Amino acid sequence: MLKESIINELQRIVGKENVLTSPEALKAYSYDGTTSWIHEPDVVVFPTTTQQISDIMKLANKEKIPVTPRGGGTNVSGGSVPWFGGIVLCTTKMNKILKIDKENLTATVEPGVVLQDLTLALAKEGLFFPPDPQSFLGATIGGIIAENAGGPACVKYGVTKQYILGIEAVLPTGEIVNLGGRTLKNVVGYDLLHIFISSEGTLGVITRAELKLNPIPPAKKTTMVVYADVAKAGEGVFRVLENGVIPDKIELLDNWVINRIEEMMPMGLPKDADAVLLFECDGIPEAVDKETEKITEIVKKYGAVDVRVAKDMDEANRYWLARRAGFAAVFGKAKTVFAEDVTVPRGKIPDLINKCKELAKKYNVEIVVLGHAGDGNLHPAILTDITNQEHYGRAVKAMDEIIEEAVALGGVLSGEHGIGLEKQKFLKRQLDPVVIDMMKKIKALFDPNNIMNPGKIWE
Amino acid sequence: MEDLKELKKVEQYADQCMKCGFCSFFCPVYQEERVETSVARGKNYLAKLAIKGEQKFTDELGEIIGKCLLCKRCVVNCPAKTQIDRVVVAARAQMVKNKGLGFIKNFAFRKVMANRKAFGNYVRLAKAFQWLLPKTEGKIRHLPDFLKALGQGRNIPEIAKTFLRDMVKPVYKPQDGKAPKMRVGFFMGCATDFVYPELGLKFIDFMTKRGIEVVVPQEQSCCGAAIYFSGDFETGRMLAEKNIEAFKDVDIIVTACGTCSSTLKDYQKYLPDNPDQEKRYKEFEKKIKDSMEFIIDVMKVNPEELKLKKEFEGKTATWHDPCHLVRYQNIQAQPRAILKGLKGLKYVEMPNADLCCGMGGSFSVYHYDLTKKIAAKKMNGIKATGADIVVTACPGCMINLIDNVLQNKMPQKVYHLLELVE
């Protein structure tokens with residue numbers, strides 16, 4: 001519980017209507033997109049200006065109150081859960097697109113802008129922001145930057161950090177800083193901008209961002225490739241790329257997921273396939289046609305049993321809708337789901353998939369595979385039930401081994417979700433003690449009183 | 001331990017939510033307030049806690065679950081197919097059961113609206129006070145809403161001089177004197193009865209012109225939307241029984257009100273308290289047709305053979321999807337087919353045609369400011385079309401659309417689709 005004087009001060013800073021303290025409201029800010037990380041804050045504040053955020057941070061720093069920044073709360077790492085209570089600083093009311101600059105292909109936005117709102121506004125100008133986390137309907141730009149989010153289009157376009165030119169941020173001590181700038185090239189001093197990106201809200205609050213944009217490609221084409229062996233599908237991914245085609249998306253769905261999607265909403269996926277890959281090419285129409293032909297040729301050579309090029313937007317949209325339904329299909333079938341986001345070098349995808357199959361047998365648990373195969377970022381999901389101790393125990397062991405294997409294959413334990421609370425027990429598997437120590441020192445430099453999203457990343 | 005019976009019935013639906021938060025994008029209330037308690041995910045989470053006994057039935061909880069339009073935009077877009085409407089309605093019912101309705105609602109629902117005749121008299125009484133209000137062309141829907149909305153700057157519509165119930169005969173034979181092709185029961189609905197009687201007469205004329213016999217049982221009651229969606233299941237069930245009884249002699253029941261048709265169909269979804277009730281409500285559901293689906297799907301009317309009324313010739317029309325048609329009943333193609341088929345009328349689709357108008361029954365009474373903000377988005381869509389007329393098929397939407405068109409000083413007139421045709 002915070003002192004009444006602090007609540008009063010917060011109300012003075014952001015206005016009474018922008019401070020929530022009712023038990024019900026606090027419960028509604030105790031969770032994020034994960035299933036098991038729950039903790040209530042003592043107060044939720046909705047600042048509307050950078051100066052207000054600075055004032056909040058100064059107050060919190062003086063009183064040593066934990067502050068957890070939060071946008072749409074769609075993250076899946078526990079990152080926006082206020083693990084030590086205190087203040088949830090919610091940016092959802094700072095949701096203005098300040099400028100769309102067609103000349104320079106940039107946009108200036110507030111942190112609470114929802115990605116889909118941005119996408120719709122940019123589309124009117126013929127532009128787009130390439131990073132496409134699949135939580136785009138609720139995810140806000142501040143959170144997307146803080147988590148360095150990625151999505152299917154990363155195969156060709158890369159992740160968020162490649163599209164952030166600069167940010168304005170408030171440090172835990174209340175100072176307002178500008179990192180990066182508005183230019184594509186910038187080598188002035190240490191690249192502090194990229195320390196902030198993917199810092200998971202532990203270094204400060206992003207209050208404004210300068211985004212790099214692309215023109216919308218005039219054509220797109222979707223191809224569904226059917227495999228009788230999921231590992232072969234994994235191979236198909238890197239065969240296409242090594243043979244010179246870079247689609248903007250390559251997504252994988254395994255047999256189990258295909259069948260659950262078909263149960264939920266029949267859309268003509270091949271139910272007996274062991275896996276399908278969905279390719280999308282984008283660019284100028286002639287190139288897209290050529291690339292699609294080439295994909296067909298390559299995948300047939302490397303073990304595909306069927307290739308279906310979507311003949312129109314309707315068919316293409318149906319396939320992508322199916323892909324988006326994938327997670328719901330998984331979550332709807334189990335009380336508890338470990339949705340991993342291990343990422344391996346693309347050539348190792350078949351190895352990782354085979355390992356998942358082996359572990360499913362070894363521990364007698366359902367492990368399903370879907371994900372952004374194109375960038376090696378798979379989402380093996382383990383279906384379990386936290387109330388069934390014995391089963392849950394086996395699932396935990398299987399997850400442990402998947403992460404072990406991913407790291408052994410030269411991959412990482414998280415490709416896009418972040419560490420947050422969910423993956424902190426694995427951090428030491430990936431990073432040397434000296435590296436973790438450096439990170440902690442950086443954290444201390446930004447946040448001497450450890451008030452900024454405490455309890456995250458490190459155990 | 002508090003009673004949890006109604007909430008327990010929907011536990012399976014509440015459990016579907018995987019907390020992805022996608023609902024925030026579709027929720028008209030969240031889009032205005034941007035606070036987690038406004039959106040389905042937050043409401044559902046609190047309902048789940050209540051089921052577990054970890055959340056009491058506080059006034060604040062009542063406020064939170066009350067602040068939902070039940071527009072179902074989140075439901076149709078939910079990747080996990082969470083039926084949040086069921087959870088919200090059940091939570092309201094539990095709230096009412098455990099805490100009771102407030103005085104105004106209590107009086108309005110149990111004493112006035114449940115008694116058709118008393119409701120009629122009450123509306124008349126209200127009519128006497130009309131001179132206090134700005135004169136408009138609009139019409140009002142439910143009396144409690146009407147009384148509460150006073151002083152909020154709403155354009156209060158006029159109450160009909162004579163109610164439909166006092167004008168209609170029990171049976172209308174086909175106009176050509178031949179044997180009827182079909183026999184249907186006409187469910188009037190409060191708005192048509194007390195505010196839009198001419199729409200009811202229009203309906204009867206439309207049907208009897210096309211060889212259909214129309215029966216109008218006098219014992220029919222309010223559909224119960226404003227009542228059971230607010231959580232008063234007890235009165236809701238009573239009305240359900242009254243209507244089932246009133247229409248026991250017909251196989252098809254048609255109404256020109258989108259909210260009524262969906263409400264009558266959905267007794268089986270929200271209200272059953274035992275298997276017998278469920279069976280009766282399900283049987284009743286099979287009889288219900290909204291006028292839009294009845295005209296296109298049952299009568300098989302060819303829209304191109306319908307005749308546009310002279311006053312609409314050369315006009316441009318746009319269609320507003322009532323929530324209770326587009327999402328509760330998936331009725332969206334039928335009205336568009338009619339509008340596009342009508343010769344002499346130009347049809348333009350508005351952006352976000354399926355966006356809730358912001359009415360949400362009693363929602364607009366308790367949260368009139370929010371209603372206006374949500375309606376403003378609808379108005380922007382209408383403005384973008386440059387249409388002369390806004391057409392819909394729900395008198396509830398019509399009231400709110402008229403109010404907001406007038407407040408925004410827009411030139412558009414609002415009509416029920418049936419009013420356009422001869």
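Author: Let's start with what pairing means: two strands count as paired once DSSP finds at least two bridges between them. Strands (E, at least two residues) and helices (H or I, at least four) are DSSP runs counted from the N terminus. This is a predicted model, so local features need pLDDT of at least 70 and side-chain atom pairs pLDDT 80 or more, while totals for chains, interfaces and linings use all residues. Residues are numbered from 1 along each chain as its sequence is written, with chains lettered from A and ligands numbered from 1 in written order.

The sheet I'd pick sits in chain B: it is open, has four strands in the order β7-β6-β8-β9, and its pairing is parallel. β7 (346-347) and β9 (413-416) of chain B are at the edges with a single partner strand each, so one side of each has no neighbour in the sheet.

Now zoom in on β6(B), residues 316-319. Towards β7(B) there are two bridges, again parallel. Towards β8(B), three bridges hold the parallel pairing, and here Ala317(B) has Ile389(B) as its partner.

A helix covers these strands too. α21(B), residues 333-341, lies across β6, β7 and β8 (389-392) of chain B, at about 175 degrees to β6(B). Such angles run from 0 to 180 degrees between N-to-C directions, using axes fitted to C-alpha atoms (for helices, over the stretch in contact).

Stepping back, chain B has 24 helices and nine strands. Of its 422 residues, 54% are buried, meaning that 20 or more other C-beta atoms lie within 10 Å of the residue's own C-beta, placed from the backbone (12 or fewer is exposed, in between is partly exposed). Take the contacts in chain B between residues at least 6 apart in sequence: 77% of them join residues at least 24 apart. A contact here is two C-beta atoms, placed from the backbone, within 7 Å.

One helix takes us to the other chain. α6(B), residues 59-66, buries Leu61(B), Ile64(B) and Ile65(B). Looking down the helix axis, these buried residues fall within an arc of 90 degrees (judged from the directions of axis to C-beta atoms), so they line one face of α6(B). They pack against α5 (40-51) and α8 (84-99) of chain B, and also against α2 (23-28) of chain A.

Across the whole interface, 25 residues of chain A touch 22 of chain B. On the chain A side, α2 and α11 (313-331) each supply at least two residues, and α11(A) gives the most, with five. That side splits into ten nonpolar, eleven polar and four charged residues. (Nonpolar is Ala, Val, Leu, Ile, Met, Phe, Trp, Tyr, Cys and Pro; charged is Asp, Glu, Lys and Arg; the others, including Gly, are polar.)

Chain A has an open sheet of its own to set beside ours: five strands, ordered β5-β6-β10-β8-β9, with antiparallel pairing. Its edges are β5 (97-101) and β9 (176-180) of chain A, each pairing on one side only, and the twist from one strand to the next averages 15 degrees. Inside it, β8(A), residues 164-170, joins antiparallel β9(A) through five bridges, with Val170(A) opposite Ile176(A). Two helices pack on this sheet. α3(A), residues 50-63, touches β8, β9 and β10 (205-212) of chain A, its direction at about 50 degrees to that of β8(A). α4(A), residues 115-123, touches β5 and β6 (106-109) of chain A and makes about 40 degrees with β5(A).

There is parallel pairing in chain A as well: β3(A) and β4(A), residues 87-90, share four bridges, and Arg70(A) is partnered by Cys90(A). β3(A), residues 67-70, is covered on both faces, with Val67(A) and Pro69(A) buried on one side and Thr68(A) and Arg70(A) on the other.

Overall, chain A comes to 15 helices and 18 strands, and 53% of its 459 residues are buried. Its C-alpha atoms fill a box of roughly 70 × 60 × 45 Å along the principal axes.
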